[in-house]
Amino acid sequence: MTRVCLVGKEDVELRYELVSRETAREALATYDLNEPYQNTVAVETVSLGGAVALLNDLNWYLVRFVQESLVLEPSVSDEEWLSRDLSEAVRDNEIDTDETGRFLKVFGIRDEELLEPMFVTRTGHELPDYDLHEVDDTLIVRVTEDEFGA
């Protein structure tokens, strides 16, 4: 199963914003919503194509209420998420899955809250430690080269 995790902007309550609007509520109606981190909404989809289609269906709401749209695709990695742009590029065969792991956005996690990200480039097997805050864990997101430089 492919997972989608939407991270809400700081000034909104994401779950409320999504379920209070008819079109978003209908798009999410067939999914079990959960909240792996504070102010997030996560669902499981059947495939990478299904995840990208859901994100496209929700785009109007994503632009307004979502800070990050993440996709966890097991055929790429069991532990590292993909950005929305990278997941679309993989789905469209614009980027080979073996070429997705170089540019990373690493979020710190403390008390189930995602903290500000740190951008790193993978040059070997080891990644630098997240050092922006004291954290319990990290969440690694693979991003496109354009997102990395932005």
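In which loop does Asn-93 lie?

A: Asn-93 lies in the loop between α5 (84-91) and β5. Helices (H or I, at least four residues) and strands (E, at least two) are DSSP runs, numbered from the N terminus. The model is predicted: local features need pLDDT of at least 70, side-chain atom pairs count only at pLDDT 80 or more, and totals for chains, interfaces and linings use all residues. Residues are numbered from 1 along each chain as its sequence is written, and side-chain values use heavy atoms, with hydrogens and water left out.

The phi angle of Asn-93 is near 60°, which is a positive value in a residue other than glycine. With a relative accessibility of 68%, Asn-93 counts as exposed. Here buried means under 20% relative accessible area, exposed means over 50%, and partly exposed is in between (1.4 Å probe, protein chains only). Another positive phi in a residue other than glycine is that of Asn-39, near 55°. Asn-39 is found in the loop between α2 (22-28) and β2 (40-45).

Asp-92 and Arg-91 form a salt bridge, with their closest N and O atoms 2.8 Å apart. A salt bridge is a side-chain nitrogen of Lys or Arg within 4 Å of a carboxyl oxygen of Asp or Glu. Asp-92 is partly exposed at a relative accessible area of 37%, and Arg-91 is partly exposed at 34%. Elsewhere, salt bridges that share partners join Glu-80, Arg-122 and Arg-142 into one network.

By this rule the model has six salt bridges. One of them is between the side chains of Glu-68 and Lys-105, at 2.6 Å from N to O. This pair links distant parts of the chain, with Glu-68 in strand β3 (residues 66-72) and Lys-105 in strand β5 (residues 103-110), 37 residues apart. Glu-68 and Lys-105 are both buried.

Glu-80 and Arg-122 also form a salt bridge, the closest N and O atoms being 2.7 Å apart. Glu-80 lies in the loop between β3 and β4 (81-83), and Arg-122 lies in the loop between β6 (113-121) and β7 (137-142), so the pair ties together parts that are 42 residues apart in sequence. Glu-80 counts as buried at 10% relative accessibility, whereas Arg-122 is partly exposed, with a relative accessible area of 21%.
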